[in-house]
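I opened the model today to look up its ligand shell, then its fold. My entries follow.

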Amino acid sequence: MDTQEEAFQEKMMRRALALAKRGEGRTSPNPMVGCVVVKDGRIISGGFHEHIGGFHAERNALLHCTEDPAGADLYVTLEPCCHTGRTPPCTDIIIEKQIARVFVGAMDVNPIVSGKGVRLLREAGIEVKTGLLEAECHALNEVFEHYMTAHLPFVDAKYAMTADGKIATATGDAKWISSDASLKEVHRLRKHYKGIMCGIGTVLQDDPMLNCRIESGVDPIRLICDTHLRIPMHSKLVQTASDIPTWVLAGPDIDPQKQQTLEEQGVEVLSCGLNADGHVDLNQAMKMLAEREVDGILLEGGGTLMADAFAAHLVSKVHVFIAPKIVGGENAKSPVGGQGVKKMSQAIQFERAAYRQYGPDICMTGYPVYGK
Ligand SMILES: NC(=O)c1ccc[n+]([C@@H]2O[C@H](COP(=O)([O-])OP(=O)(O)OC[C@H]3O[C@@H](n4cnc5c(N)ncnc54)[C@H](OP(=O)(O)O)[C@@H]3O)[C@@H](O)[C@H]2O)c1
């Protein structure tokens, strides 16, 4: 194949990827998917999976072509589905509209699709090319892929720290460590994930809102780990619980009166078992959240909860914002508390570490590797 043709195909898949991202925050627990239909070198339609329960990208694109798509090429970021779920199978409409060639980005890890979508298309005489911009297409749906294969939420641990590794001053003040540009990125992340989690220590210290304050933002479900229901009735979280979903993950031994009062305010209290330290058992909590279709969580601290999440190997990704400032103080908290490991050789390493700048801050992302 000549490089010009290859470059054109990649360009079309990039268009499909850009379209897919327009579904961000609204497709969970489904993946984000984009699709472009091309005939005689011209784009005759594009579509994306806009929201959960809505049509898939392929159907949205094929229903709005500017001309008959028979004989056209279809570019789609994820393998077309071949089953009836919340909507009819995409393979049906691709075959029905007589598409000539299908370019697929990533194969679907969902076992009810995986490979079958492509096979059905090939059996119908359609030429299928897989693996076009494969890495980008998989990265787009890292949350979905983890949720589908591990049956647990994808947890992204995010924190802001100073250049001396503190997440608050010795008095507990943490507003604000990072720049406006970093805060904007944090709100974009809040849109990306279905849930946002923090420990009761952070609620008591900061009284946060944990909502998504950007244009066309989507508020995540607020998840508070609070073994003994210490959350104050006057906290912003409780006061706004009738507008923004707020779930408190509590232990088994809680005050029923407080539980009832919280529930009357719109807070949902989920009962979990305890871990060896007498806190909410995060493994069990995560399984419960996955069953409730929480596919991804932005974990926003503090250090005590963060330590347990890393120790339980539940963190899939990190976003570390590092601000160019020093606060000092032996008693000022660091991002991950607990006992820590004894030797440097036992440190949890990150793979695929990458760095971006937001205003004066650096943001490091990476994927923890456990047991190495
Ligand atoms: N810079 C940043 O990015 C950032 C982000 C967040 C917080 N902070 C700062 O961090 C400080 C708060 O941190 P923190 O460590 O005191 O509090 P935290 O981690 O927010 O909350 C800890 C509490 O959560 C509860 N919890 C429930 N389940 C748990 C589990 N499985 N593992 C651990 N804890 C569990 C425990 O209380 P119960 O046993 O009573 O449930 C525990 O004491 C504040 O100063 C805040 O400003 C900074």
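Which helices and strands each supply at least two residues of the shell around the ligand? I found β6 (154-162), β7 (195-199), α8 (200-206) and α12 (303-311). Helices (H or I, at least four residues) and strands (E, at least two) are DSSP runs, numbered from the N terminus.

Before going on, I noted the ground rules. Residues are numbered from 1 along each chain as its sequence is written. This is a predicted model: local features need pLDDT of at least 70, side-chain atom pairs count only at pLDDT 80 or more, and totals for chains, interfaces and linings use all residues.

Ligand shell. I looked up 32 residues surrounding the ligand; a residue is near if its C-beta atom, placed from the backbone, lies within 6 Å. The closest are Gly199, Gly201, Thr227, Gly301 and Gly302. Helix α8 gives the most to the shell, with 5 residues.

Strand pair. I then followed β9 (residues 246-250), which pairs with β10 (residues 267-271) in the parallel sense over 5 bridges. Pairing takes at least two DSSP bridges between the strands. Trp247 has Glu268 in β10 as its bridge partner. From β9 the chain crosses through helix α10 (residues 256-264) to β10.

Whole chain. I counted 12 helices and 14 strands in the protein chain. Buried residues make up 43% of its 372 residues; buried means 20 or more other C-beta atoms, placed from the backbone, within 10 Å of the residue's own. The C-alpha atoms fill a box of roughly 65 × 45 × 40 Å, taken along the principal axes.

Methods:
Buried ≥ 20, exposed ≤ 12 C-beta atoms within 10 Å, placed from the backbone. Right-handed = clockwise from strand over helix to strand, strands pointing away.
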